Amino acid sequence: MQKLLTVLILSFVLTGLYGQKKYNYKITYDLTYQPDSTDASSKKKEKMFLYIGDETSRFSSAGKAIGDSLQSTFDYSNFDQAAFTRMRSQMPEKKFEYYIYKGVPADKITYTREIVTDKYRYTADKNRFDWTVHDERDTIAGFQVQKATTSFAGRNYTAWFTDEIPFPEGPYKFNGLPGLIVKIGDDKEHYVFELRQIRELRIPVPFTFQENEFIETSQEKLLKLEEEYKSDPVGFVERSVPGAKIEYGPGTDRKKIERERKERLKKQNNPLELP
């Protein structure tokens, strides 16, 4: 573990000296979450990626990161339906469509989300967590960890961080502890992130963020857009894209489809950030 610590510190110092924005480490977390607050049996799991660089980090679901990577390498200029179908079949299922950038801009968090053809972003303060560090210690995922607690967006959280990995980073928007967050969850265990792997990247991943690609908005407005899209995706597309008209196949009961969608949405009542 001491050897790993030395490598981490050395690499962090060197990348800081050169000032090149890139991600040098890939942290994998397992997220266990409960989409329906009234049904404990609704719990699901999703793999999440945290990429850490010298100045910034990027967090997303594995499905989002892998899917976007596959799409970015596809040659749309020489479109081939069979190749496109193969590419789409390799894309994992994803439930979370966002990217969270810490340190973009400095001391800020930027949340991005694409809805239909538009890309949106909002920014918030990065140093927003009021942590209480406790004396209690444990071992999780092979690391010596220490307990810390905080409240955020309507939930009370317990985090376990390790100073063996000296990055003040963690999953989702969490940050600011004197070491990497190994595990964090709210007191109802509706959202629990736990570290599964940390890997130094042989070939660093370049930092890519073009501010002018996004429509700047607020968290409240983006949440409203997300809710509108989830409740009526067909209608949202038809309202958002000029000339778009989506037709259902013969014999399809559009009202039935919409009714079933509303029933599913009733069971998705438990976002990480509570109103």
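Trainee: What makes arginine 155 and aspartate 186 a salt bridge?

Mentor: A salt bridge requires a side-chain nitrogen of Lys or Arg within 4 Å of a carboxyl oxygen of Asp or Glu. The closest N and O atoms of arginine 155 and aspartate 186 are 3.6 Å apart, so the pair meets that definition. This is a predicted model, in which local features need pLDDT of at least 70 and side-chain atom pairs count only at pLDDT 80 or more, while totals for chains, interfaces and linings use all residues. Residues are numbered from 1 along each chain as its sequence is written, and side-chain values use heavy atoms, with hydrogens and water left out.

Trainee: Why is arginine 155 called buried?

Mentor: Buried means under 20% relative accessible area, exposed over 50%, and partly exposed in between (1.4 Å probe, protein chains only). Arginine 155 has 5% relative accessibility and therefore counts as buried; aspartate 186, at 3%, is likewise buried.

Trainee: How do you know that glutamate 136 and lysine 147 tie together parts that are apart in sequence?

Mentor: Their side chains meet in a salt bridge at 3.5 Å, N to O. Glutamate 136 lies in strand β7 (residues 132-140) and lysine 147 in strand β8 (residues 143-152), so the parts joined are 11 residues apart in sequence. Strands (E, at least two residues) and helices (H or I, at least four) are DSSP runs, numbered from the N terminus.

Trainee: Why is glutamate 227 called partly exposed?

Mentor: Its relative accessible area is 40%, which falls between the two cut-offs and therefore counts as partly exposed. Glutamate 227 forms a salt bridge with lysine 230.
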